Amino acid sequence: MTPQYFLPLATYPDPSSGLIISNAIAFAEFCGANLHVCAQRIEIPHIPDAWSSLLLDTPKMIEQAESLSRDRAATLIAAAENLSAGTEIKVFTRMLKTALPSLHETAATQARFFDLATLECIASIPDTRIVAEAVIFGSGRPAVIFPNRTVAGKIDHLVIAWDGSRAAARAVSDANQLIRMARTVSVLSVTGEKSLTADSGTHLAEILRSSGINAKATLAQGSGSSIGQSIQQAALDLSGDFLVMGAFGHSRLRDFVLGGATGGVLDEPALPVLMSH
């Protein structure tokens with residue numbers, strides 16, 4: 001059965017980058033997946049005349065914003081179709097009109113129909129972080145977060161960030177296909193942030209090897225930076241080109257609080273990261 005991947009594209013206030021389109025296509029091609037690209041056109045609720053007369057030319061501003069969003073959606077769809085030409089994957093494109101306040105929730109809702117979502121997280125564009133959080137914690141599906149640079153589509157060395165938690169176990173299960181496609185798999189346990197069972201990573205590596213996977217366990221000492229940065233740096237030190245990890249977050253009253261590792265990675269992803277909640 002062919003995997004079905006999802007790529008939501010933003011058009012307002014900032015458009016998605018061309019990098020996420022090329023990275024998502026290369027990744028889907030490596031995995032033998034179909035890619036479903038959805039550009040979200042904004043729809044802004046109109047302000048009643050009694051209010052708009054007290055403001056600037058609100059109807060014209062709304063029309064301009066919606067027109068800009070529509071033009072950007074067409075440009076992004078055309079880019080996806082052009083970049084996928086000559087590849088061996090099927091790319092399906094569509095536009096979806098969405099109310100401006102619901103963009104993030106809509107991305108999460110749409111992601112539920114697919115096996116995996118492909119996303120970008122760029123520090124200078126806060127909305128990319130908000131969409132990523134919404135999809136990771138609201139879709140019930142794994143998401144691959146790409147850094148803001150071109151990355152190779154294939155996976156040579158996959159690194160599993162392992163702490164024995166439920167979220168980590170869920171991530172390993174969701175990444176099963178990718179783990180089997182990688183040439184090398186490292187089970188990475190970073191010490192210093194939480195108490196870890198001494199042989200937990202070793203046990204997982206043994207089980208993976210019994211399935212025919214070239215896996216090994218490794219320990220790394222957490223640095224003085226955030227645990228998310230420590231995990232990514234340890235993965236890079238191992239020459240890893242793909243990271244798998246569980247995502248942790250919880251709600252306190254009306255504020256959503258991310259786990260340290262999750263927030264650290266989303267602050268600045270250094271390599272493609274599959275996150276699962």
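Which residue in β8 stands opposite V187? In this predicted model, the residue opposite V187 is A217. Strand β7 covers residues 184-191 and is joined to β8 by seven bridges, the two strands running parallel.

Both strands belong to an open sheet of 10 strands with mixed pairing, ordered β3-β2-β1-β4-β5-β12-β9-β6-β7-β8. At its edges are β3 and β8 (215-221), each of which pairs on one side only. From one strand to the next, the twist averages 25°.

Two helices lie against these strands. Helix α5 lies across β4 (116-120), β5 (143-146) and β12 (273-276). Helix α9 packs on the sheet and touches β6 (157-161), β7, β8, β9 (242-246) and β12. The table gives the angle of each helix to one strand.

| Helix | Residues | Strand | Angle |
|---|---|---|---|
| α5 | residues 126-138 | β4 | about 165° |
| α9 | residues 227-237 | β7 | about 145° |

T98 is buried because its relative accessibility is 4%, under the 20% cut-off. Its side chain reaches the backbone oxygen of L96 at 3.4 Å. Leaving aside residues up to four places away in sequence, T98 touches Q40, R41, I42, E43, L103 and T106.

C31 has 6% relative accessibility and so counts as buried. C121 is also buried, with a relative accessible area of 4%. The count of disulfides in the model is zero.

Definitions and conventions:
Residues numbered from 1 in each chain as written. Predicted model: local features only at pLDDT ≥ 70, side-chain atom pairs only at ≥ 80, totals over all residues. Heavy atoms only, no water. Disulfide = S-S within 2.5 Å. Buried < 20%, exposed > 50% of the residue type's maximum accessible area, 1.4 Å probe, protein only. Polar contact = N/O pair within 3.5 Å; in protein donor to acceptor, adjacent residues only side chain to side chain. Contact = heavy atoms within 4.5 Å. Pairing = 2+ DSSP bridges. Helix = DSSP H or I, 4+ residues; strand = E, 2+ residues; numbered from the N terminus. Axes fitted to C-alpha atoms, helices over the stretch in contact; angles between N-to-C directions.
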